[in-house]
Amino acid sequence: MVAHTVPWAQRPESRLLLVLSSERSGSTLMRYTLGRHSRLVSPSELFLMRFPEYDAWRTRKAVAMHSLLEFFELVGQPKSAEELDSMLATLETAEVYRRLFGFMPDGAILVDKTPAYGNELSTLERSRPLAPFYLRIIRHPLGVIDSHLRIKDREKRQRAEEGSLPRRLLAPLTGAIRRLNGSREALARRREAKWVQQHRNFRQFLETVAADQQLTIYFEDLVQQPGPTIAAVCRAMGLAEEPGLLDFSGARPEMNPHLGDPNFHTHTTIDSAPAFEWAARMSESWLMPQTLQLMKELRVRFLPASATLTARA
Ligand code: A3P
C-alpha cells in the first residue's frame, strides 16, 4: 500500500466517497448530511458499482436512473435518460464514474451510498481503481432487523388496506397464520444473515485498503452525537468542516423507497431514539453466536444497561 502524506480529500485523483453499510443503518441520514457540504455531490442510491458496465445497470436496475438524473441536476447540468444512454452505453463501470467526475466542479467529490454494495465482494473490488474513500457505518444488528421488520409490517398493512374486501377481511387471520408458522422469525433470521454477510465482506475488503482511505463510524454515535461524528468524518477525509451540515430546518423530499429510507422526510431533527429502542422488542440473546462474535470483532456497542426501553409503532 502506498503511504500518502496528503490527506485523501486534498489529492487530485480523489473524486469518490463510498458509504458502506447494511440497509437500515442511517445511510440516508449520512448521505443527506454530507450532501450539504460544499464539496460533496450526494444523489440517491446509484447502484452503479454493482454492475460491470452501464448497459447491465440500465437493464437490471432501471429504477436507479432516477438517481443518475438527480446527480446531473445537482451538478447543474440536467440531462434526459436518452442523453445519458447515448453518452454512457457500452462503457465499463469505472469509465462511467470517470465521465461523471468530468461533470463535477473541480475538487468536488461524488458520494455514492448504496447498501447493496455489501452483498458481493466483487462490487467492492470493482471500486478499487477509482481510489475512493470508504466510510463504513455499522448499526447494531437488532436495530437493523427491527427496522426491517417494521417496514415489512407496514407494507403488509398497506397491501391489506389496498386489497380487495375479502382479502382485507382475511388479513388479520393470514397475518396470524404467518406469525404462527414462524415466517416473521424467518424474515428476521434472513436479515440477520444478510447483516453478517455484508459486514464480513466489508471487513475482508477494508483490511486491504490504506488506513487513511477509510473510516468506520457507528449508527448509534451518529444519532446520539451527530456533531462530533460528522466532524470526525470530515477530519478523516481531510475535508474542511462546514457549518450547517446538521441543519434539519425546511422540508425534505420523500425518498423513492427503492433508493433510500422511505421515512426520512418524517424526521424533523436528528433523533437519538432509534439507537437502542429496538431493545423494547428484541433481546441480544436471540442473535446467532456468529453474529455476536462478529459484533465483538467489529466493536459494536452492546445494549447499555441504562437504555430507556420505549418503543415506537
Ligand atoms: P429506524 O427504522 O430504526 O427508525 P437507512 O437510510 O440506511 O435505510 O437507515 C434508516 C434508519 O435511519 C431508520 O431507522 C431511521 O429512523 C434512521 N434515521 C433516518 N433519519 C434519521 C434522523 N433524522 N434521526 C435519527 N434516525 C434517523
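Two strands are taken as paired if DSSP finds at least two bridges between them, and the strands themselves are DSSP runs (E, at least two residues), just as helices are runs of H or I with at least four residues, numbered from the N terminus. The structure is a predicted model, in which local features need pLDDT of at least 70 and side-chain atom pairs count only at pLDDT 80 or more, whereas totals for chains, interfaces and linings use all residues. Residues are numbered from 1 along each chain as its sequence is written, and side-chain values use heavy atoms, with hydrogens and water left out.

Under these criteria, an open sheet of 5 strands is found in the order β2-β3-β1-β4-β5, with parallel pairing. Strand β1 (residues 16-21) is joined to β3 (residues 109-113) by 4 bridges, and V19 stands opposite K113 of β3. Towards β4, β1 pairs in the parallel sense over 5 bridges, with Y134 of β4 as the bridge partner of L18. A further 5 bridges connect β4 to the parallel strand β5 (residues 214-218), where I217 is the bridge partner of I137.

Strand β4 (residues 133-138) is largely enclosed by the rest of the structure, because 6 of its 6 residues are buried (under 20% relative accessible area, with exposed meaning over 50% and partly exposed in between; 1.4 Å probe, protein chains only). In a regular strand the side chains alternate between the two faces of the sheet. In β4, F133, L135 and I137 are buried on one side, and Y134, R136 and I138 are buried on the other.

Helices α9 (residues 183-206) and α12 (residues 289-297) pack at an angle of about 35°, with axes 10 Å apart (axes are lines fitted to C-alpha atoms over the stretch in contact, and angles run from 0 to 180 degrees between N-to-C directions). The contact (heavy atoms within 4.5 Å) involves E192, W195, V196, H199, R200 and R203 of α9 and Q290, T291, L294, M295 and E297 of α12.

Aromatic rings of Phe, Tyr and Trp (its six-membered ring) are paired if their centres lie within 6.5 Å, and planes under 30 degrees apart count as stacked, over 60 as edge-to-face and the rest as tilted. By this rule there are 10 aromatic pairs. One of them, F276 with W278, is tilted, at 6.0 Å centre to centre and 55° between the planes. F276 counts as buried at 7% relative accessibility, and W278 is buried at 1%. Y32, F248 and F264 form one aromatic cluster.
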